[in-house]
Amino acid sequence: MTKMRVVSRFRKKCFAGFMILCLATAAAVSFGTPAEAAENPQTSVSNTGKEAEVSNNQTSKAELVSDPYEGTGKTSKTLHELIESEKNIKSLKPSSVIGSDERVRISGTTSFPYRATVQLSIKYPNTSSTYGCTGFLVNPNTVVTAGHCVYSQDHGWASSITAAPGRNGSSYPYGTYSGTMFYSVKGWTESKDTNYDYGAIKLNGSPGNTVGWYGYRTTNSSSPVGLSTSVTGFPCDKTFGTMWSDTKPIRSAETYKLTYTTDTYGCQSGSPVYRNYSDTGQTAIAIHTNGGSSYNLGTRVTNDVFNNIQYWAKQ
């Protein structure tokens, strides 16, 4: 009997020791090495490899607003030529005419805010093609556009971008500028997530002082659904370099996207989705990206998007 008690006690001690070892191992696994934090899809990235975490106030319900500026409007250059590479311009993403085409041509491209709308001609590495997009100035030398205009999932970062504010066919009333730096966010460049399809271009000059720039703002305090907004840009189904616009209400508001039945077409990616607010004037609330048969979409100006645009504008 004594021998059996000793064996029993030995087994209990061994079992207790084994349990302590298991718990210790589990604790080491759980607490010893912290899990790697997931990357922030709103991390700013540039074509030079620079990264920055600039988002703050992500959950603030207060409206974030950057005001527009009309500029002087004085024309300084007029070029009357069609760049050879633009004769077969290509679109990067599809956009749609929903039902009948209700776009109207903007012939007075030197009036505000149209003169702050920028036609973009883009070249990428390893292809001889030229692609078309649209953008809009947000300060003297920063153009906001779609992420896929500065970073192609097929070709990588753009190798060159030529920007023409207020272009009107073969007329360039404010001349052309070259992009010197391109920005987007990791959610687009690494994850290919269309919720993060937005970016910016820094120019080798400051046309915004003359042509002005759009304001941009969040829509935190009340839903933008039903608000009448315009999408203005340079579609490639029309005479290239001509500016067209359509105005319709916002159809739906998702966390990262706004949808609308406003008519658009390829090469209008990056167009401002904007309205003339009574308190801020001509102000963008989204960046047009793509579309389908029933509606078109734009990346919504959320707090994160607003903060990244602010950061890019200051670079």
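Colleague: How many bridges join β18 to strand β19?

Modeller: Six, and the two strands run antiparallel. Strand β19 covers residues 281-291. For the terms, strands are DSSP E runs of at least two residues, helices are H or I runs of at least four, and both are numbered from the N terminus. Two strands pair if DSSP finds at least two bridges between them.

Colleague: Before we go on, what kind of model is this, and how are residues numbered?

Modeller: It's a predicted model, numbered from 1 along each chain as its sequence is written, where local features need pLDDT of at least 70 and side-chain atom pairs count only at pLDDT 80 or more. Totals for chains, interfaces and linings use all residues, while side-chain values use heavy atoms, with hydrogens and water left out.

Colleague: Back to the strands. What joins β18 to β19?

Modeller: A hairpin, through three residues.

Colleague: Which way do side chains point in a regular strand?

Modeller: They alternate between the two faces of the sheet.

Colleague: New topic: where is R217 found?

Modeller: R217 is in strand β14, residues 215-217.

Colleague: Buried or exposed?

Modeller: R217 is buried, at a relative accessible area of 8%. The cut-offs are under 20% for buried, over 50% for exposed and partly exposed in between, using a 1.4 Å probe and protein chains only.

Colleague: Which side chain does the R217 side chain make a polar contact with?

Modeller: That of T280, at 3.1 Å. A polar contact is a pair of N or O atoms within 3.5 Å; within protein, one must be able to donate a hydrogen and the other to accept it, and residues adjacent in sequence count only if both atoms are side-chain atoms.

Colleague: Which ring face does R217 lie over?

Modeller: The face of Y277, with 4.0 Å to the ring centre. The rule wants NZ of Lys or CZ of Arg within 6 Å of the ring centre and within 35 degrees of the ring normal. K238 also lies over a ring face, that of W244, at 4.4 Å from the ring centre.

Colleague: What else is R217 in contact with?

Modeller: Leaving aside neighbours within four places in sequence, its contacts include E63, L64, V65, I285, V301 and F306. Contact means heavy atoms within 4.5 Å.

Colleague: Let's do helix α5. How many of its residues are buried?

Modeller: 10 of the 12, so α5 is largely enclosed by the rest of the structure. Among the buried ones are F306, N308, Y311 and W312.

Colleague: What span should α5 have?

Modeller: Residues 303-314 should span 16 Å, and the end C-alpha atoms are 17 Å apart, which agrees. The expected span is 1.5 Å times one less than the number of residues.

Colleague: And N308, buried or exposed?

Modeller: Buried, at 0% relative accessibility.

Colleague: Why is the Y214 and Y274 pair edge-to-face?

Modeller: Because the planes are at 70°, with ring centres 5.1 Å apart. Y214 lies in the loop between α4 and β14 and Y274 in strand β18, so the pair ties together parts 60 residues apart in sequence. Y214 is buried at 0% relative accessibility, and Y274 is buried at 4%. F136 forms one aromatic cluster with Y214 and Y274.

Colleague: Last one: how many helices and strands are there in the protein chain?

Modeller: Five helices and 20 strands. Of the 315 residues, 51% count as buried.

Conventions
Phe/Tyr/Trp six-rings, centres within 6.5 Å; stacked < 30°, edge-to-face > 60°.
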